[in-house]
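Please consult the sequence and the model while reading.

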Amino acid sequence: MVFKNSIAFARSLDRIDPLRLFKSRFHHPTVNGKPAIYLVGNSLGLQPKSTQRFIADELNDWAKLGVEGHFEAKRPWLHYHKLSKNALAKIVGAKPQEVVAMNQLTVNLHLMMISFYRPTGNRFKIITEAGAFSSDQYVFESQLKFHGLNPNDALIELKPRNGEFTLRTEDILESIEEHSDQLALVIFGGVQYYTGQLFSINQITKAGHKAGAMVGFDLAHAAGNVPLSLHKDDVDFAVWCSYKYLNSGPGGVAGAFVHERHAANFDLPRLAGWWGHSDKERFQMRKGYKPMPGVDGWQLSNFPVLSGAAQLASLQIFQEAGMRNLRKKSILLTSYLAFLLNEFDSEGSYYSVITPSTSAERGCQLSILMKKNGRKVFSKITTAGVLADWREPDVIRVAPVPLYNSFAEVFRFSEIFKKALTK
Ligand SMILES: Cc1ncc(COP(=O)(O)O)c(C=O)c1O
């Protein structure tokens with residue numbers, strides 16, 4: 001499509017957008033009494049208007065039924081973790097028995113690494129991207145120490161080439177092959193939180209397996225943002241949070257995927273709790289842990305129903321919109337943003353967009369590396385009604401989300417940004 005730098009053109013794209021009505025299904029925050037331009041769904045997704053009703057249902061059942069709600073609630077709490085399976089499976093490209101909502105992302109990453117990072121004398125190394133999200137770095141460091149290993153010897157963090165901001169797939173694959181004798185685990189973000197780079201899950205997984213390693217992904221910035229096919233891509237495990245693109249509210253219940261290949265491998269070491277125990281015998285309270293087959297056998301605690309209710313509200317919207325349609329709009333929306341940013345500063349005097357320039361290598365988010373006055377510009381756009389986010393040391397991340405952002409908002413953002421840079 002040939003884009004134009006005008007509000008009339010942006011509005012014309014909104015008029016033909018088949019997903020335009022979804023915007024009104026969300027609450028939109030305000031800045032100084034006016035609706036904000038909300039470009040920070042990569043940090044916290046907006047609240048669907050239906051969320052209150054979903055949570056109120058559970059509060060009402062709790063009020064009316066007390067403990068009996070586990071069996072008698074409209075959505076019985078005992079089985080609540082099953083209610084999100086179909087929708088989550090579609091979002092991450094899995095079978096329902098391969099996904100479960102549970103815990104928080106960092107907790108799930110630890111649980112998965114306990115099972116899938118099994119270092120031996122020769123094979124103990126982990127490959128990941130340099131500059132992974134801090135929590136992931138702490139997980140890797142503490143897991144290595146837990147196994148008595150030194151992170152300086154065992155953790156390989158891949159950096160982009162000199163003068164580049166993102167990793168080349170060929171370099172990732174080469175490094176995996178190079179370390180194949182010693183590699184135990186390959187773990188990457190799906191979409192890198194800082195640069196917005198979408199990694200090739202398929203190629204990384206193939207290379208990791210060829211090297212004899214397990215392969216996992218942190219999909220915090222990928223789930224609900226880009227189409228995924230974890231089952232087909234043969235990924236061993238993945239984890240994600242649900243408060244970003246999955247709009248499940250602050251601290252919303254996270255998710256995990258374990259490939260069905262591992263479903264009946266009860267020899268895998270794992271941390272256990274009663275909610276992962278065979279549900280037929282769970283209430284017999286006997287000694288001897290018998291995990292359920294599939295990812296359900298990694299659950300520890302009973303399900304957080306209020307948080308899960310919020311998730312169900314959002315998943316219903318995802319099912320109506322469909323990931324394929326969302327991706328189609330997302331590509332157009334983010335390409336339009338990239339076009340406007342490039343029009344204004346094609347020489348890179350004020351900033352460079354460090355997110356890959358092709359849609360196949362990115363999701364919604366563009367990361368704008370500020371050359372000067374980054375903090376000041378960020379504060380000016382915030383005052384002018386743009387909610388985006390600042391990531392140290394010098395990046396403004398903006399993520400137009402296809403469910404609730406419009407082309408007109410992207411255009412208005414570009415005007416506000418230009419003004420903040422030049423005045
Ligand atoms: C890529 C990534 N990993 C991990 C986390 C930590 O998530 P949680 O606090 O849900 O464990 C985040 C949070 O934003 C994230 O973006």
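A polar contact is a pair of N or O atoms within 3.5 Å. The model discussed here is predicted.

Q: Which residue has an N or O atom in its side chain 2.5 Å from an oxygen atom of the ligand?
A: A pair of N or O atoms qualifies as a polar contact within 3.5 Å. An oxygen atom of the ligand and a side-chain N or O atom are 2.5 Å apart, and the residue is Thr106.

Q: How far is a polar side-chain atom of Asp136 from a nitrogen atom of the ligand?
A: Asp136 belongs to the residues that surround the ligand, which also include Phe133 and His221. The distance from its polar side-chain atom to the ligand nitrogen is 3.0 Å.

Q: What share of the area that the ligand exposes when taken alone does the protein bury?
A: Tyr243 has a side-chain N or O atom 2.7 Å from an oxygen atom of the ligand. Taken alone, the ligand exposes 400 Å², and the share buried by the protein is 82%.

Q: Why is strand S12 largely enclosed by the rest of the structure?
A: Leu366, Ile368 and Met370 point one way from S12, while Ser367 and Leu369 point the other way. Residues on both sides are buried. S12 is largely enclosed because the buried residues number 5 of the 5.

Q: Which residue in S15 stands opposite Leu369?
A: Strand S12 runs antiparallel to S15, and 4 bridges join them. S12 is also joined to S11 by 3 bridges, again antiparallel, and there Leu369 is the bridge partner of Ser352. In S15, the residue opposite Leu369 is Val395.

Key. Residues numbered from 1 in each chain as written. Predicted model: local features only at pLDDT ≥ 70, side-chain atom pairs only at ≥ 80, totals over all residues. Heavy atoms only, no water. Near = heavy atom within 4 Å. Polar contact = N/O pair within 3.5 Å; in protein donor to acceptor, adjacent residues only side chain to side chain. Areas by Shrake-Rupley, 256 points an atom, 1.4 Å probe, with all protein chains shown as cover. Buried < 20%, exposed > 50% of the residue type's maximum accessible area, 1.4 Å probe, protein only. Helix = DSSP H or I, 4+ residues; strand = E, 2+ residues; numbered from the N terminus. Pairing = 2+ DSSP bridges.
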